[in-house]
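Subject: Structure handover

Hello,

Here is the structure I promised to pass on. My notes follow below it.

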Amino acid sequence: MTATEQVRRSILSPTLTPRPDFHITRKLVGVPKWPLALLTLIYTINVSDQYVLPAMFPLLKREFGLSDTGLGILAGSYVISVTVFTVPFGIIADRFNRTRIIAWGTTAWGVTMIFTGMANGFAMLLVGRMALGMWDPCDNPTSQSLLADYYPVNQRTKVMGVYQAGQLAGFVLLPIAGTMSQAWGWRATFYFFALPAFIVAALVWRLKEPVRGTQDRKNLRLREIERPAAEVAETAVKPAVASDRFSYKSLLKNRSYMAMLISASSGSLFFGGIGVWAPTFLIRYHDLSIAAATSSIAVVAVGGLIGALASGNLADFLTQHKRPSARIAVAGFARLLSVPFFVIAFSVPQISLTLLSLAIAAMFLVAGIPPTNAARVDVLHPNLRGRGASLDAVCQGLASAFAPILFGLLSDATNLRTTFLVLSPLAGVAGLILLTLGLSSYRSDTKAVRDQVRRDHFVSLGFPAGEAHDEIGLVEPDEEPTLAEAVRAWVPADGPMLEVKSLDFSYGPIQVLFGVDFAIPQGGCHALVGRNGVGKTTLLSNIGGLLDAQGGQIFYRGQDLTGIPPDQRTKLGITLMAAGRSTFPSLSVRDNLMFGSYPFTDSRELAEERLEAILEIFAPLKGRLDQRAGTLSGGEQQMVALGRALVAGPDLLLIDELSLGLAPTITSQLLDVLDQVLECGTTILLVEQSIGVALAVADTVFFMDRGVVEPLGAADNLDAGALTRRLIEGRV
């Protein structure tokens, strides 16, 4: 091979193809949705009493003769207690089994709710409220740490958005609490809300504890080490190393984290009073009854729910589209946009306009929470996330504890409307802090976390802490790894590149794939043979993302492809060359070929170099770049289709019926090209009817019939005649 040929061939190597670090998905993938659903439900239950109490303010005021300041103290005492106990719970969350922490804490919360309902005076009620605050921190900081390890990094904002819906669901319970307390008394309401706590505590006890940092390592394509089950369990709950790197002191040195902390704390001086005093505002200024006020305020929950889900998807979408700081930017702008709507809500006399403005303001207000929570996880090491969330809760708790008291004092001094108008701009201050201090350091802090996770990973492989990068030759301390380097660290040499598990697919009532199971290793050509109509094309379309299976999973380099759309799979390295003349007939040959550069549209130079390499391989196309592809011969169109696929630099090339309708000489030329592609490091999955073609290029062969796949073994060990007879008979 000449030096020129080697250069041309290397240009087509998949290792030179830029791969984005971030991929969005249509839906949550990675593990079953049950952990997220259960943790969200627990969040709903644990915050419900925060909204139950304001619904009972008029009843408590009448029974115990409390002033507005006294009611504010009653509400604030809960938050003070939360603040005191959040710090120890943060340390516990980073050191011990997190599912057990949540289970025990939720059970204790239920018991305390019953005790609170039995209060016979203000003192006992105050003690009950403070005791409830003891158990609240068992949930939020611990759950956020769990969610970061349950679900992929690229879905963090979306996951946090769904989780935040739990708090809003607790807000929806406000009208229920108001109606119950008016009908049966406020004590019955406390008893009723305590019951679900015991059920969810038993369910969360059964959740599997994930290994800390597992999703961060997967995102960096770092290979998970095979360990015995007992050792994995020990690692999942292993205490963090006692050092300054894993301490509260290290949190104070993290600029992005501190910006988020200051932002949340300043905003909480206003946020902390909304849920407590908004029902009272509607009662005083719009003459609503308790039930009507608590029911009307539910619009806040509806607006917040829209904001939480929308911001989660928006932040992930912008991050995928090369806005790496989108999470913190979305949070900052959302906080700013909430201010004018709060001002309108508390200024106008019309109840309809007030509720509409409150709903929109709440939408923007809550929209800032999921991106902020995801951004906080991004800038903290896995062994610090419990403490990071707890310190954030402490600072917000102090501000929120003072907020109801501040509202009460200002309301007694002036009036409640003036109080809301004076404090509303604090939401804008919170947004400005994120957009200035937070944005300036977010990217460098996230990079520092990734680098530390890499170093920790190499140390776990046995490399000394100071020599891990140099010894493995993977990454320099201040450089990002290439895709090829990262893959070598992540994927075991003998591990599957593509794995299909129990895949079922139906076209309406007609089932085509029946629990398909097969796997191919990295490298080489693997042929899938079978008669027409047995499901070969359907299987490739499911792998490429053109079809969505009704059951089963597809894993690419260990990543679950469920919900990942076709364009994202192409950027991951999976390219499908469809059967037949898969060209755009009205477009030029050049345009058809350049479509293959879609995964790296910003690398024009690489696209041009690959185009030149393709023209060296397919010489007949050289003088026809401006000719419409539909005017080419069948063989030339197949060259264009294969060339377009190669321009993409795929790691995994899916080819459907390469030889279909082609003359033997053209087929032979294309097979020679596949040999060159294999030398570049690309893995090929080839669907073929022709046994001769399949055995000529394949390393291993799979047989498919009636929607079932069977491995036949190495191509060199197969007899073409026997395989042809089997193909005709159609038996697996």
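The protein chain has 31 helices and ten strands. Helices (H or I, at least four residues) and strands (E, at least two) are DSSP runs, numbered from the N terminus. This is a predicted model: local features need pLDDT of at least 70, side-chain atom pairs count only at pLDDT 80 or more, and totals for chains, interfaces and linings use all residues. Residues are numbered from 1 along each chain as its sequence is written, and side-chain values use heavy atoms, with hydrogens and water left out.

Of the 732 residues in the protein chain, 58% are buried. Buried means under 20% relative accessible area, exposed over 50%, and partly exposed in between (1.4 Å probe, protein chains only). The accessible surface comes to about 28500 Å², and carbon and sulfur atoms hold 62% of that. Areas come from the Shrake-Rupley method with a 1.4 Å probe; for residues, only the protein chains shown count as cover.

Now the aromatic rings. The whole structure holds 14 aromatic pairs. Rings of Phe, Tyr and Trp (its six-membered ring) pair if their centres lie within 6.5 Å; planes under 30 degrees apart are stacked, over 60 edge-to-face, the rest tilted. F270 and F342 are edge-to-face, because their ring centres are 5.0 Å apart and their planes stand at 85°. F270 sits in α13 (residues 255–286) and F342 in α16, so this pair ties together parts 72 residues apart in sequence. Both F270 and F342 are buried.

F281 and F420 are also edge-to-face, with centres 5.6 Å apart and planes at 80°. F281 is in α13 and F420 in α20 (residues 416–423), so the pair ties together parts 139 residues apart in sequence. F281 is buried at 1% relative accessibility, and F420 at 0%. One aromatic cluster takes in F270, F281, Y285, F342, F346, F407 and F420.

Next, α5. This helix has 20 residues and reaches 29 Å from first C-alpha to last, close to the expected 28 Å. The expected span is 1.5 Å times one less than the number of residues. Of its 20 residues, 14 are buried, so α5 is largely enclosed by the rest of the structure.

S325 is buried, with a relative accessible area of 15%. Leaving out residues up to four places away in sequence, S325 touches L439, Y442 and R443. Contact means heavy atoms within 4.5 Å.

Best wishes
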